[in-house]
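Here is a friendly walk through a structure, from one residue out to the way its chains meet. Please keep the viewer open as you read.

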Number of protein chains: 4
Amino acid sequence: MTPHQEGPRREPYSIQRLEAFSDGVFAIAITLLILDVRVPRDLPQTTRLADAMLAAWPSYFAFLTSFATIGIMWMNHHRLFRIIARADHALLIWNGLLLLGITFVPFPTALIAEYIQRPDQRTAAMVLGGTYVFLALMFNGLWWHAARGRRLLGEALDEAGVRAISRSYAIGPAAYLMTFLLALVNAPASLGLNLLLAAFYALPARLLPRPFR
Amino acid sequence: MTPHQEGPRREPYSIQRLEAFSDGVFAIAITLLILDVRVPRDLPQTTRLADAMLAAWPSYFAFLTSFATIGIMWMNHHRLFRIIARADHALLIWNGLLLLGITFVPFPTALIAEYIQRPDQRTAAMVLGGTYVFLALMFNGLWWHAARGRRLLGEALDEAGVRAISRSYAIGPAAYLMTFLLALVNAPASLGLNLLLAAFYALPARLLPRPFR
Amino acid sequence: MTPHQEGPRREPYSIQRLEAFSDGVFAIAITLLILDVRVPRDLPQTTRLADAMLAAWPSYFAFLTSFATIGIMWMNHHRLFRIIARADHALLIWNGLLLLGITFVPFPTALIAEYIQRPDQRTAAMVLGGTYVFLALMFNGLWWHAARGRRLLGEALDEAGVRAISRSYAIGPAAYLMTFLLALVNAPASLGLNLLLAAFYALPARLLPRPFR
Amino acid sequence: MTPHQEGPRREPYSIQRLEAFSDGVFAIAITLLILDVRVPRDLPQTTRLADAMLAAWPSYFAFLTSFATIGIMWMNHHRLFRIIARADHALLIWNGLLLLGITFVPFPTALIAEYIQRPDQRTAAMVLGGTYVFLALMFNGLWWHAARGRRLLGEALDEAGVRAISRSYAIGPAAYLMTFLLALVNAPASLGLNLLLAAFYALPARLLPRPFR
């Protein structure tokens, strides 16, 4: 029964520092993506730079998709922590697992850029889809932990609001599981669905059809 | 009509966290530039390091130009958010598109460093010019969104001040379009114009001729 | 007897800025780990991507272990600076040495990923173990400096709480010394012990058996 | 005479955001240093990893020296901005030039690691020394701009304190010029002097002999 042991409950973790650390990880992960957009080097005499860059379109496409995804997840994280008012030990663990997924995104992105035009394209799309399933699950875990019994929520949101967020989050893992399964059959279709989902989550809530609000 | 849906209007996004995330992206992008200044390796016996470094002047030049450009855009971002007092969903999207351009800058920088002394130099200069056109457009979009009807502005600036900023921003896309078009003809001239524009935007407002204030 | 000389005592260093800089270093170190998870390139025609990725399991394992370790050390740093209320010159030096260890972690991580399946695996595990011994010592040094005579502590923690933290920290160097020595004999066992220790430090205090509280 | 033009004087730049951006750049530059400590790869069968690492000592030495230097410059920056209370346009420019030097440090560091045991070692040491001369000059420029007529200082420091800092800063460029000139003759001696200067600047003011206080 030492104060240290009781500390987290009496003097909770700092939401501000959790946000600062998370902002750092999001900002670095989103900025590192450009490192996988390679400058064409050692071109044969007969190849023009413009042609070499056009042929490298998958790496630009992968860069844009992952930038959009991490950017939108940062917006979601931002929005969540306008509602979450306190932090406890388990919230830091959930947030850490979420950031694990975020820092991993540059890897499947590079994988897609390398393999999108090759026979292994479905493997690459499955790794990307699987990463997003993981991220969607961690967002749900973090939210459920914070919202169960309003454990870590402030007063800004009423019960209907909490249910609306839970509903909107619950579709995430299912939707990204579809991109994962679609990757087994058709990699470009799976990547296209990823982009659609990013666009969906980028919409402000009032533009969504009522069941998804 | 859930509170979540209404949330962004009643409890707006946090300007502080938008700034923290943006500062992170600016800081990382500006620091990653050094990764493209390569240490000369595996020099032939007869080549001195000093000569190898002199021959690599384009990578130092590209480093300095991009450092200056990102640094000055950070100063502009800083200045804008002394005036913008509230954030909404669309502002975060505009800011995200602006940061997309910022994180992209290291790529055309490396392209210039690699191709400035080769026949493809104009392609490289066009990619750099195009990136800056995009950035200038995003600065305008962000500002127009915030300033239309003073939607997101605080009280610090009067109408004449708003018009002065709008005017000074409006020349950006046109000016950078010139660097883009100049690149079609003469790559070094295009890069020189880029540097001039960076210097122009680094000047404090009171040193500018009246029409550009 | 200049004010500058006396400054640190009259106007102490800013804990907020120390935290911001530390958060930056932790966030970057944890995000850079992904750079050592390499995309398989130039695979022979007969090798499938999935097989190449399975064969590269050590780099995923090393990524996860180091992510967990840095993440948990960030949580510990966070928890410490809820208790430490003031900063002085020596605290900044101790914190700098701690961050030196944190920024170094990606190196032994890459070493493990490269050598875990080769005869030199024990050398790699010793470098990792040695890094963690160093980190555990720096955590102790920082804490001892801050807690001796409650020099830099606020009022939130009583004497029993201070002793509890000192006790829990004191086992760190000894435990990581064991992983270092175990590496001399058996590299996988040493890495496994590292993971166990990370899990141990991730537990909230109330779940620990009384002597370790 | 638009408000925009007058803005910087009526509503000065934010010291907080200048610090946040600077902290980001310092944190990234110091963390990127590890990327130049390379994992030995493709060793010949007869070479043990431990021997390969010992032979690579210059890269560890360079890592430690640059970590210490950037860390201590961060501490100095931190200390300066406890005294500087306001920001203006020119301060942001000086700070930007200072950060330019900081982001450049990883390059001469890698240069030293590569060439310290080769005939070109003096060239590498001169680049490092020149970088530090530049940094020392920028620290002086920033300080002089802020302190002249107490333009940007708060009330915390009296005139004697201002003079003490000016005096202690003024020796920086001269001392680093010596490391630069020493590099022309003897590279290891120049690097050793660099380390001594880092240690000197890491000392708390009260331990310095009176003329340097």
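B:G101 counts as partly exposed because 19 C-beta neighbours lie inside 10 Å; with C-beta atoms placed from the backbone, a residue is buried if 20 or more other C-beta atoms lie within 10 Å of its own, exposed if 12 or fewer, and partly exposed in between. The model is predicted: local features need pLDDT of at least 70, side-chain atom pairs count only at pLDDT 80 or more, and totals for chains, interfaces and linings use all residues. Residues are numbered from 1 along each chain as its sequence is written, while chains are lettered from A and ligands numbered from 1 in the order in which they are written.

You will find B:G101 in helix α5 (residues 89-104) of chain B. Helices (H or I, at least four residues) and strands (E, at least two) are DSSP runs, numbered from the N terminus. Which residues does B:G101 touch, leaving aside its neighbours within four places in sequence? They are B:T131, B:F134, B:L135 and B:M138, where contact means that the C-beta atoms, placed from the backbone, lie within 7 Å. B:N194 is 93 residues away from B:G101 along the chain, and their C-alpha atoms are separated by 16 Å.

Now turn to chain A. An unreviewed UniProt entry places the feature "transmembrane region" at residues 20-37, 57-77, 89-112, 124-143 and 191-208 of this chain; UniProt positions are given in the numbering used here, feature names are shortened, and annotations may be inferred rather than shown by experiment. Residues 57-77 of chain A are 100% helix and 0% strand, with end C-alpha atoms 30 Å apart. Residues 124-143 of chain A are also 100% helix and 0% strand, and their end C-alpha atoms lie 29 Å apart.

Next, see how chains D and C meet. The contact draws 35 residues from chain D and 32 residues from chain C. On the chain D side, α2 (15-32), α3 (49-55), α4 (57-80) and α8 (159-185) each supply at least two residues, and α2(D) gives the most, with nine residues.

How values were computed:
Two residues are in contact if their C-beta atoms, placed from the backbone, lie within 7 Å.
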